Amino acid sequence: MSGLNNYALPFRIEGQNVNGRAVKLNSLASDVLVRHDYPEAVSRLLGEALVLVSMLGTMLKFDGRFILQLQGGGPISMLMADYTPDAGGVGGLRGFAQFDEAALSAALKAGSPPMALLGEKGHMAFTVDQGADMERYQGIVPLEGNTLADAALGYFERSEQIGTALKLAAAPLLLPGGKTEWRAGGIVVQQMAATGGVVDIETPPEGDPDLVDDDWHRLEILLHTTEDSELLDSELSGEALAFRLFHEDGVRVFEPRELTFACPCTRQRVLNMLAGLPDADRIEMQAQENVEVCCEFCNENYVFSPQEAFSVG
Ligand SMILES: [Zn+2]
């Protein structure tokens with residue numbers, strides 16, 4: 001297998017109508033999370049969200065931007081991660097979170113599970129954006145369960161109704177010298193839909209079309225034997241993990257999809273955005289010494305003089 005550092009590896013469990021993905025975000029988890037420097041609980045959740053969009057984005061039958069948005073009334077008011085494949089097939093990942101620092105530390109002291117940080121009445125939205133002129137697909141479900149993996153399963157149960165099992169993990173790794181790196185990873189297996197669901201896969205089915213429930217149950221149990229440490233270990237490849245879990249049924253791996261950090265923001269895009277602001281906002285900003293705009297997704301700070309900021313449009 002190629003020496004990719006960050007990838008989603010598609011695999012099939014031979015003889016079963018089951019597809020899977022193993023996702024490894026080694027350097028990429030740090031690329032996204034260190035630039036934000038959020039509190040650890042927020043970074044963990046965002047790290048898992050990046051793994052989840054990698055799994056699902058690479059399972060789409062078509063190329064498009066795949067967006068995961070979690071929203072509720074909790075200390076973390078919003079969390080967003082998205083996956084956009086480029087023309088060469090490399091998947092770009094980015095994400096951000098909005099949260100209330102004081103409410104967050106109070107909730108953590110009270111022992112809130114990760115998903116409770118998003119609030120009681122949160123929801124989860126998956127959006128597939130294939131660009132202008134194309135149909136936009138969106139699925140929204142209430143946030144349920146204590147972990148992001150639970151919430152994702154809730155989504156599959158409600159909307160896709162195909163058997164899915166998954167594990168997600170993200171954690172900081174303390175290096176000698178006090179430096180912190182992040183790792184994130186995950187694995188998913190999914191029964192193949194008889195008719196195409198949104199995350200149905202591009203390769204044709206084979207084997208027994210009616211997967212016996214006992215078999216599926218056994219595969220689910222096997223998947224859940226995966227330890228977080230295996231998902232986070234950069235020395236353990238996705239291929240080795242898939243073989244460890246499912247070698248008795250036979251595993252076929254496909255070409256891995258490379259993943260990278262990517263945010264399409266540029267000075268010009270920010271200028272275009274400023275040009276589109278209502279007059280009242282523009283007048284107020286023109287009175288300031290500098291116009292500063294921070295990209296929420298990548299934390300890049302753009303600074304303009306008022307003349308430069310409003311010389312277009
Ligand atoms: Zn950006």
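Biologist: Domain bounds here come from an automatic or database domain assignment. What separates the centres of domain 1 and domain 2?

Modeller: Residues are numbered from 1 along each chain as its sequence is written. The model is predicted, and local features need pLDDT of at least 70, side-chain atom pairs count only at pLDDT 80 or more, while totals for chains, interfaces and linings use all residues. Domain 1 covers 6-261 and domain 2 covers 267-309, and their centres, taken over C-alpha atoms, are 34 Å apart.

Biologist: And how many residues of each are in contact?

Modeller: In domain 1 there are 5, which are in contact with 4 residues of domain 2, where contact means that the C-beta atoms of two residues, placed from the backbone, lie within 7 Å.

Biologist: Which elements give two or more residues to the domain 1 side?

Modeller: They are α1 (27-36) and β5 (91-99), and β5 gives the largest share, 3 residues. Such helices (H or I, at least four residues) and strands (E, at least two) are DSSP runs, numbered from the N terminus. By class, that side of domain 1 has 1 nonpolar, 2 polar and 2 charged residues; Ala, Val, Leu, Ile, Met, Phe, Trp, Tyr, Cys and Pro count as nonpolar, Asp, Glu, Lys and Arg as charged, and the others, Gly among them, as polar.

Biologist: Staying with α1, at roughly what angle does its axis cross that of α2?

Modeller: The axes of α1 and α2 (residues 40-57) cross at roughly 135 degrees and come within 10 Å, with axes fitted as lines to C-alpha atoms, for helices over the stretch in contact, and angles running from 0 to 180 degrees between N-to-C directions. That makes α1 oblique to α2, since angles under 35 degrees count as roughly parallel, over 145 as roughly antiparallel, 65 to 115 as roughly perpendicular and the rest as oblique.

Biologist: Which residues meet there?

Modeller: A29, V32 and L33 in α1 meet S43, L46, G47 and L50 in α2, a contact with 5 nonpolar, 2 polar and no charged residues.

Biologist: New topic: in which sense do β12 and β13 pair?

Modeller: Strands β12 (residues 291-294) and β13 (residues 301-304) pair in the antiparallel sense over 4 bridges, pairing being counted if DSSP finds at least two bridges between two strands. E292 stands opposite V303 in β13.
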